[in-house]
Amino acid sequence: MSVLTSEVPVQATARRKALDAFGRHIHYLRVSLTDKCNLRCVYCMPEQMTFRPNDELLTDDEMITALRAADILGFDKYRLTGGEPTVRPNLVGIVREIGKLPGARQITMTTNGLKLAKLAQPLYDAGLQRVNVSLDSLDETKYHRMTRWGHVADVLAGIAAAEAAGMTPIKVNCVVIRGFNEDNLIELARLTYERDWQVRFLEVMPFADVAEFQQATMVTMAEMIQHIEAHLGKLTVLRDGELDGEARMYKLAGARGEVGFISPVSAPFCASCTRVRLTADGKLRLCLLKDGELDLRTPLRQGATSEELAELMAQSIYRKPWGHDLAGGTIPLNRIMSEIGG
Ligand code: SAM
Ligand code: SF4
């Protein structure tokens with residue numbers, strides 16, 4: 001379905017607050033800076049991944065014009081992602097430009113951390129407030145089986161640099177894959193005894209060509225909790241079970257940090273969704289797990305202003321789907337995670 005063709009109530013575009021048809025206030029934009037990556041995680045992309053040509057990706061100027069449109073619509077939270085955002089040239093300059101948006105209240109990034117040791121301080125100085133760092137295992141061999149490339153020591157150096165720069169609390173993301181790293185949950189959860197990090201375990205989601213592998217290796221949140229409690233004792237639920245972003249947060253007895261679970265498959269959080277995504281090739285993606293998108297690159301290259309883009313975006317956001325339908329067997333087919341922006 002084209003997000004542009006159907007009728008939309010006038011007030012959906014007139015108000016400068018992006019609401020969808022279900023009354024959800026959409027104000028959080030995940031911005032994919034590139035589809036390229038310096039890793040090849042087994043649950044994300046094939047080893048022989050073909051990336052998009054650079055001329056299909058938004059230029060810095062095009063991206064900032066699109067983000068100004070989001071600002072007009074009242075967006076106030078931006079998360080940079082990819083692909084791997086740290087391989088995008090001029091990342092620090094892009095962060096600085098986002099910081100100039102009048103409504104930008106929160107600027108964060110999700111990264112594999114490999115390049116963070118050098119980048120953390122300049123990024124913080126440019127306005128990046130926090131990072132989520134992906135780390136699927138502390139064991140080099142297992143990490144390598146998951147990511148195919150890269151080294152745990154570089155990720156840990158990146159986390160240390162981010163902490164030193166002041167990007168706290170650090171959030172660590174671990175995608176749990178049966179047969180690869182499900183027995184590493186314990187050592188990762190143990191990190192929270194000493195460090196005030198949020199260590200968050202993610203259920204793997206299915207996308208396009210990788211879906212069969214992802215569905216076969218998915219570990220549910222319930223199983224993760226059971227496994228951790230069997231080894232480390234009771235996990236106490238925090239903040240009355242209210243979601244922290246997408247995560248349900250817990251604490252181990254005596255721990256400084258927190259353990260979280262992100263369960264898009266077994267316990268979806270669509271009702272409280274406040275986000276849409278801008279892909280690196282300039283599509284506004286309304287739901288991570290549904291294929292509907294609005295093309296912003298074409299109007300951008302035809303000279304559309306931020307005001308004009310904002311109108312298009314408001315109409316599109318109004319049609320944001322209620323939620324995904326993984327349970328009904330619908331999976332996204334047109335892109336894998338790294339091409340959307342996780
Ligand atoms: N390259 C960066 C990184 O890995 O952190 C940012 C992009 S990555 C697509 C964003 C997050 O999505 C990471 O935490 C990654 O582990 C997670 N991820 C990737 N593929 C996934 C999948 N199929 N299901 C669940 N999470 C996934
Ligand atoms: Fe790259 Fe992130 Fe995908 Fe891993 S999860 S391949 S680091 S984009």
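In the predicted model, a polar side-chain atom of Gln-214 lies 3.1 Å from a nitrogen atom of ligand 1, a polar contact being a pair of N or O atoms within 3.5 Å (within protein, one must be able to donate a hydrogen and the other to accept it, and residues adjacent in sequence count only if both atoms are side-chain atoms). Backbone atoms also approach this ligand: a polar backbone atom of Gly-83 is 3.0 Å from a nitrogen atom of ligand 1, and a backbone N or O atom of Thr-111 is 3.2 Å from an oxygen atom of ligand 1. Ligand 1 has 20 residues around it, of which Gly-83, Glu-84, Ser-134, Met-205 and Gln-214 come nearest; a residue is near a molecule if one of its heavy atoms lies within 4 Å of it.

Residues are numbered from 1 along each chain as its sequence is written, while chains are lettered from A and ligands numbered from 1 in the order in which they are written. Local features of this predicted model need pLDDT of at least 70 and side-chain atom pairs count only at pLDDT 80 or more, whereas totals for chains, interfaces and linings use all residues; side-chain values use heavy atoms, with hydrogens and water left out.

Gly-83 also belongs to the surroundings of ligand 2, together with Cys-37, Leu-39, Cys-41, Cys-44, Met-45 and Asn-112. This shell comprises five nonpolar, two polar and no charged residues (Ala, Val, Leu, Ile, Met, Phe, Trp, Tyr, Cys and Pro count as nonpolar, Asp, Glu, Lys and Arg as charged, and the others, Gly among them, as polar).

Arg-30 lies in strand E1 (residues 28-32); helices (H or I, at least four residues) and strands (E, at least two) are DSSP runs, numbered from the N terminus. Arg-30 is buried, with a relative accessible area of 7%, where buried means under 20% (1.4 Å probe, protein chains only). Its side chain makes a polar contact of 3.2 Å with the side chain of Tyr-28. Beyond four places in sequence, the residues touched by Arg-30 include Arg-79, Glu-246, Arg-275 and Arg-277, contact meaning heavy atoms within 4.5 Å.

In helix H3 (residues 91-99), the buried residues are Leu-91, Val-92, Gly-93, Ile-94, Val-95 and Ile-98. Their cover includes H2, strand E2 (77-81), strand E3 (106-111) and helix H4 (116-126).

Helix H2 (residues 60-72) also meets helix H11 (residues 306-318). Residues of H2 in this contact include Thr-65, Arg-68 and Ile-72, and those of H11 include Glu-307 and Met-313. By class, the contact has seven nonpolar, two polar and two charged residues.

Key: Axes fitted to C-alpha atoms, helices over the stretch in contact; angles between N-to-C directions. Buried < 20%, exposed > 50% of the residue type's maximum accessible area, 1.4 Å probe, protein only.
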